[in-house]
Amino acid sequence: MSTFSKTNFKSLNYNSFRPHYPASFYQILTKYIQQQIPVANTIDLGCGTGVATYPLLNISQNVVGLDLSPNMVDTANSLISKNLAELGISDTSRIKFIRGAVEDFVKESDEIGVYDLITAAQCIHWFQDYDLFFAKCHQLLKPGGVLAYFYYIDPVIVDFTGPSKGDKQEVIKKAYEVYHKYVYNDDRYIGPCWEQPGRDILKHFCVAVNEAVPKDLYGDVTINTFKPTADKPYADEETDLDLKKVDLPLSGYIDYISTYSGYHNYKEKHDNHDLLHGEFLQELLEVTGWDLNETKVDLVWNTGYTFIRNK
């Protein structure tokens, strides 16, 4: 997580190029909460630029976003007027973003039973002490309050339009292999630059986090994962965290990968070398027959969420 807090990390790119959580997911969360909506108080841990935070205003009267990165918090605060206007909300006091480490907040906070909802979007894998995290969230939540963590990992190209070499499914398979070569498998590229064990926890759909949930403090555990396959390339928005980008230019695909913390670390180690627009793009176009200007892809993310209720 330390990569995102670096002063040279481009938080506006993160906000622009990352997928945004759909309204259907917040409907799933609302159904689980089983309280009168809006609830009173919510805190979004590891909020980043507020991608997952602003929609919480449809669920909660007051929302606080917390993040370690000053760049992320500054970007989130700079977007308040614009995002609230899009939501039709005029009261800017309903949301605020503050800087702080999640671990320090949950460790040092003396608030007891204040929050109806605690969320952690795309960050739970970075936390180091799950026993402490779950214990402190138990104290922060009201009885019956909800802790929800959710995430996404490794987009899958499930369809494309434009020129190509050969059978569509074979082309998609080759594109998948190129992605994994540069992102994980070849030690010359991004693979060794990921912060661990966080990335591996995420790649395994946060099983290690789910196993750490204390059953004496929480109940009503709901766990959902979605993995795109040839038979089921698209998620069910009624039950799954449905993250996708349809008809995305190849440049948008590369822009997304450029937000990876592992890629940021790779560039720092290799004199800011533009791997994605260089070797990666060249090999991708070569094996698929795609065209940078003409090809568009449908990206679907592997996703998951866990909801638990405070006892």
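Predicted model: local features only at pLDDT ≥ 70, side-chain atom pairs only at ≥ 80, totals over all residues.
Two elements, β5 (141-161) and α7 (168-185), each give two or more residues to its lining. The lining counts 19 residues, and those nearest the pocket centre are Val 156, Tyr 176, Pro 228, Thr 229 and Ala 230. Both domains take part: at least three lining residues come from domain 1 (3-153 + 196-229 + 302-310), and at least three from domain 2 (154-195 + 235-300).

In an unreviewed entry, UniProt lists residues 44-148 under "domain: Methyltransferase type". In the model, this span is 33% helix and 29% strand, and its end C-alpha atoms are 10 Å apart. Helix α4 (residues 80-87) holds Ala 85, which counts as exposed because its relative accessibility is 56%, above the 50% cut-off.

Attention now turns to helix α10 and what follows it. Of the 8 residues of α10, 6 are buried, so this helix is largely enclosed by the rest of the structure. The buried residues are Leu 250, Gly 252, Tyr 253, Ile 254, Tyr 256 and Ile 257. One of these, Tyr 256, has its backbone oxygen 2.7 Å from a polar atom of the Thr 259 side chain. Thr 259 itself sits in the loop that runs between α10 (250-257) and α11 (261-269). Although it is a loop residue, Thr 259 counts as buried, because its relative accessibility of 2% falls under the 20% cut-off.

Helix α11 contains Tyr 263, and this residue is likewise buried, with a relative accessibility of 3%. Tyr 263 and Leu 276 are separated by 13 residues in sequence, while their C-alpha atoms are 8.9 Å apart in space.

The backbone also has some features worth a look. One joins Ile 37 and Pro 38, with omega at about 5°, and Pro 38 belongs to the loop between α2 (23-33) and β1 (39-45). The other runs from Gln 196 to Pro 197, with omega near 10°; here the proline lies in the loop between α7 and α8 (198-203).

Positive phi values turn up at two aspartates. Asp 247, a residue other than glycine, has phi near 60°. Asp 247 is part of strand β7 (residues 244-249) and counts as partly exposed, at 44% relative accessibility. Asp 271 is not a glycine either, yet its phi is positive at about 50°. This second aspartate is placed in the loop between α11 and α12 (276-288), where its relative accessibility of 74% makes it an exposed residue.

Terms used
Residues numbered from 1 in each chain as written. Heavy atoms only, no water. Helix = DSSP H or I, 4+ residues; strand = E, 2+ residues; numbered from the N terminus. Buried < 20%, exposed > 50% of the residue type's maximum accessible area, 1.4 Å probe, protein only. Polar contact = N/O pair within 3.5 Å; in protein donor to acceptor, adjacent residues only side chain to side chain. UniProt positions renumbered as here; feature names shortened; annotations may be inferred. 1 Å grid on protein atoms, 1.4 Å probe; cavity = no way out; pocket = protein on both sides within 12 Å on 5 of 7 lines; lining within 4 Å. Domains from an automatic or database assignment.
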